[in-house]
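Me: Got a model loaded here and I want a quick tour. Can we go through it piece by piece?

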Amino acid sequence: MREGLRFGRFPITEISPVIDGGLFPAKAVPGADLEIGATVFREGHDLLGVSAVLLDPDGSESQRTRLAPVGKGSDGWTGRLTPADTGRWSFLIEAWSDLYGTWRHNAEVKIAADVDVNLMLAEGAALLTKAAVDDGRPAADAKTFRAAAGQLADATLSVPARLGAGVHAAVLAAVERLPIRDLVTSSAAYPIQVERDAAGRGSWYEFFPRSEGAVRDPASGEWTSGTFRTAAARLEAVAGMGFDVIYLPPIHPIGKINRKGRNNTLVAGPADPGSPWAIGSDEGGHDAIHPDLGGFADFDAFVGRAAQLGLEVALDLALQCAPDHPWASDHPEWFTTRIDGSIAFAENPPKKYQDIYPLNFDNDPEGLSREILRIVELWIGHGVKIFRVDNPHTKPVWFWEWLIAAVNARHPEVVFLAEAFTRPAMMHALGRAGFQQSYSYFTWRNTRLEVEEYLQQISHQTAAFFRPNFFVNTPDILTEYLQYGGPAAFKIRAVLAAMGSPLWGMYAGYELFEHVARPGAEEYIDNEKFEYKQRDFAAAESAGRSLAPFITRLNRIRRDHPALLDLQNLTVQSTSDVATVAFSKHKTIHRPDGSTVKDTIIVVANLDPHSAREGAVYLDLAALELDIFNPDGTFVVDELISGETWNWGSENYFRLDAHREPAHILHVRRQR
């Protein structure tokens, strides 16, 4: 009779996270709480119970959690599941008639009104007697049910005593452990791809290896390039700041034809090194190393040294070519040929990039795709497990879906970061196609409303398929906020990035407050993309002109507080000041011994880098899951930047001076 019907006994709709009907898996990392939601309802007035069930890669039940109703009358339900390890997991929703909840509600209402008293007590006794022999019911709970049923049926006891036995705390606890269910209805199972930590957690640092150790002859003005050997000397400082990933722009030979000069000028001088993104020359292409940097043995040593320091190397995968790249002569079909027979260079009208040929995937898609896969496999063989992909939105999405699936089938540990500053639909499609993380619009979200809306979006609306990496700057991006905000602006953006997202990053020079832009552009003057750059990090730090100690503190806070390394646990909090933003992150950690630990961070940041702001923070205390209060109803917070300790409550005064400390990072103390 029900064959072909779309609804089960109880309708289960609007399940999340479900990506395009389950066509793509939701994203997760081990130990991160995954927000589960569904709309579930029934006819009549009897109560429903709703559970989410987590299935491991073998299809076995790993976790079951009771969902809680969201808002009165919405029929929404929510809860969390936490996959423990990597692999293709899945989840489903179960809805069921809540026999005990329905009986308890009816009994308490009717008995208070002296309606059907004996009938309600008899029904309770029968319900618990039957439930005592349910499959899987612990013996101790079965004994509790039988005892309660006996008291419910004992006419020698008073009515309040009989009802009290049926709703005793021990009965409630037993029902919580194994609900009394009927008419169980299950949804389909939906996929979850659980990837290693680096896919969804980590702090990134970018530098140009050719600048690290580069030397300029003061007499002639000529430069000697840095190498992998000299760049390796900088790794200890990067690791010391607490970063997890060292990201390198392209390390391949740079084109000589149409090479760009300083500040993107069209004519390069004889000593100009060119842009690393103009890949390929007579010295090789994507499978070669620029000879100034060294050879493969030097690169391997660099990767090895990074690993010793706890750093992973991320390599730029820039799928474009200089005019003298070997592919241009060997495979002209991989490019677009114009009517005059020339190969079209890259354009974003009216901008022209004469030093770069974009690839064309339509002429020989299989041949080009296989070659790119070979290139990626080559670098994986040299220890690269993370690729930052340049401009993936200028290539077909199908190609990325194919490439990432092909690579991850053999190397599930490999991570791809999309450098896609483009329309949301494309950015989100790249996430669905397999990119583990992406650059984001965070860089341009500066006002309170912008920051609040974006934090809400990335943590609750798109988290299942789009993991944002909050880079505060890049060689291409120096926002006006940083250009004119002074050192306070650099602190503020670092706090928002490091505390707001499990993934964040910065490009070298940020810690030195580099802020001078090319006139009329959001781009650095004397851009390192086109020249060598010397920086004396140690001297700046000794003189107190470095943000490195503050960056180190932020990364240490991240490592000490697991709440900061989840994406979906952020709650935007309210403030009275239009230039101050507040948010909290909370996580409950379940230990193998059955105990739990709660970690809660509250961030309050002054977004005005030029002045002091004051006002009140109004906290949603439920989002903090507080369990320890002072006698006056307050709770203790430790300020993790200044070391101070305060008592906070639902409404709290703040004053944040941008020229001293523009932000509070507060940890809720759980032990007295």
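Me: Which residues of α7 meet which in α8?
Reply: From α7, F228, R229, A231, A232, L235 and E236. They meet A297, D298, F299, A301, F302, R305 and A306 in α8. Contact here means heavy atoms within 4.5 Å. Helices (H or I, at least four residues) and strands (E, at least two) are DSSP runs, numbered from the N terminus.

Me: What classes of residue are in that contact?
Reply: There are 9 nonpolar, no polar and 4 charged residues. Ala, Val, Leu, Ile, Met, Phe, Trp, Tyr, Cys and Pro count as nonpolar; Asp, Glu, Lys and Arg as charged; the others, Gly among them, as polar.

Me: And the geometry: what are the angle and axis distance for α7 and α8?
Reply: Helix α7 (residues 228–240) and helix α8 (residues 296–308) pack at about 5 degrees, with axes 9 Å apart. That makes α7 roughly parallel to α8. Axes are lines fitted to C-alpha atoms, for helices over the stretch in contact, and angles run from 0 to 180 degrees between N-to-C directions. Under 35 degrees counts as roughly parallel, over 145 as roughly antiparallel, 65 to 115 as roughly perpendicular, and the rest as oblique.

Me: Before I go on, what are the ground rules for this model?
Reply: It is a predicted model: local features need pLDDT of at least 70, side-chain atom pairs count only at pLDDT 80 or more, and totals for chains, interfaces and linings use all residues. Residues are numbered from 1 along each chain as its sequence is written, and side-chain values use heavy atoms, with hydrogens and water left out.

Me: OK, overall numbers. How many helices and strands, and what does the chain span?
Reply: The chain has 17 helices and 32 strands. Its C-alpha trace spans about 105 × 60 × 45 Å along the principal axes. Of the 672 residues, 55% are buried. Buried means under 20% relative accessible area, exposed over 50%, partly exposed in between (1.4 Å probe, protein chains only).

Me: What share of contacts join residues at least 24 apart?
Reply: It is 75%, among contacts between residues at least 6 apart in sequence.

Me: Now the open sheet. What is the strand order?
Reply: The order is β22-β21-β20-β15-β14-β11-β24-β23, 8 strands with parallel pairing. β22 and β23 (470–471) stand at the edges with a single partner strand each, so one side of each has no neighbour in the sheet. Two strands pair if DSSP finds at least two bridges between them.

Me: How many bridges between β11 and β14?
Reply: There are 3, in the parallel sense, between β11 (residues 202–206) and β14 (residues 245–248). Y205 stands opposite I246 in β14. Helix α17 (residues 548–560) lies across β11 and β24 (503–507), at about 165 degrees to β24.

Me: What about β3, which strands does it join?
Reply: β1 and β7, both antiparallel to β3. The β1 pairing has 3 bridges, with T13 partnering T39 in β3. The pairing with β7 (residues 76–81) has 6 bridges, and there E35 partners R80. In β3 (residues 34–40), 6 of the 7 residues are buried, so the strand is largely enclosed by the rest of the structure.

Me: Switching to α12. Which residues are buried?
Reply: M426, M427, H428, L430, G431 and A433, in α12 (residues 424–433).

Me: What do they pack against?
Reply: β2 (26–28), α11 (397–410), β22 (437–438) and α13 (448–461). G434 follows α12, with a positive phi near 135 degrees.

Me: Which residues does a cis peptide bond join?
Reply: S16 and P17, with omega about 5 degrees. P17 is in the loop between β1 (12–16) and β2.

Me: Last one, S275: buried or exposed?
Reply: Buried, at 6% relative accessibility. S275 is in the loop between β14 and α8. Leaving aside neighbours within four places in sequence, S275 contacts I254, D355, K529 and F530.
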